[in-house]
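User: Please take a close look at one part of this model and relate it to its surroundings. I would like a single connected account, with the cut-offs stated.

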Amino acid sequence: LLALVAFAAACSPGGNRVNDEPVSSLNNAGEPADEPDPRLEGEWRAVLTTSVEPRPMDLTITLSGAGPVVTLTSPAQGGAVIAFEQVRLDGPQIGFATPLGALRFEGALIDDDAITGEVYQGGYTSALTWTRVTEAHE
């Protein structure tokens, strides 16, 4: 958790708009949702721009099992791993957040190889696109 707080603190608000609104895909967690799009499952990669340096991030979405599992790994922070407890999947839409909201993401699968949305950190919003990791790119 300490690595996550440091990660969120290092993220730059420069050029981003302030947004303190909650993530809508997590807000309606009690409402029925469509089954998650099976194309969400897999390994994804994104690079978050920060005030210090770009931060590569790896996202794993597992839909098999008792429930969906969404895990983020930050290679630039010694491989710190965050397993999100707040996850909302609704068809092609996905939202996940840390318990205190230090890091939140809301987006949607736009084709087989990209999830586009916004990451929320420290009251600021940044566009973020996750691309599918293929064996040729690993």
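Analyst: The hairpin of strands E6 and E7 has 2 residues between its strands, and Gly-91 there takes a positive phi near 60°. Helices (H or I, at least four residues) and strands (E, at least two) are DSSP runs, numbered from the N terminus.

This is a predicted model, in which local features need pLDDT of at least 70 and side-chain atom pairs count only at pLDDT 80 or more, while totals for chains, interfaces and linings use all residues. Residues are numbered from 1 along each chain as its sequence is written, and side-chain values use heavy atoms, leaving out hydrogens and water.

E6 (residues 86–90) pairs with E7 in the antiparallel sense over 5 bridges; pairing requires that DSSP find at least two bridges between two strands.

The structure holds 3 aromatic pairs. Rings of Phe, Tyr and Trp (its six-membered ring) pair if their centres lie within 6.5 Å, with planes under 30 degrees apart counted as stacked, over 60 as edge-to-face and the rest as tilted. Phe-84 and Phe-96 have ring centres 4.6 Å apart and planes at 50°, so this pair is tilted. Phe-84 lies in the loop between strand E5 (80–83) and E6, and Phe-96 in E7, so the pair ties together parts 12 residues apart in sequence. Both Phe-84 and Phe-96 are buried (under 20% relative accessible area; exposed is over 50% and partly exposed in between, with a 1.4 Å probe and protein chains only).

Phe-105 and Trp-130 form an edge-to-face pair, at 6.2 Å centre to centre and 85° between the planes. This pair links distant parts of the chain, with Phe-105 in strand E8 and Trp-130 in strand E10, 25 residues apart. Phe-105 and Trp-130 are also buried. Phe-84, Phe-96, Phe-105 and Trp-130 form one aromatic cluster.

Trp-130 and Ile-115 have the most contacts inside the largest nonpolar core, which has 21 residues. Such a core is a set of buried Ala, Val, Leu, Ile, Met, Phe, Trp, Tyr and Cys residues joined through side-chain atoms within 4.5 Å. Among the elements giving two or more residues to this core are E7 (93–97), E8 (104–111), E9 (114–121) and E10 (124–132). Not counting residues up to four places away in sequence, Ile-115 touches residues including Ile-94, Phe-105 and Trp-130, a contact being heavy atoms within 4.5 Å.

Over the protein, pLDDT averages 77, and 74% of the residues score at least 70; pLDDT is the predictor's confidence in each residue, from 0 to 100. Over residues 1–25, pLDDT stays under 50.
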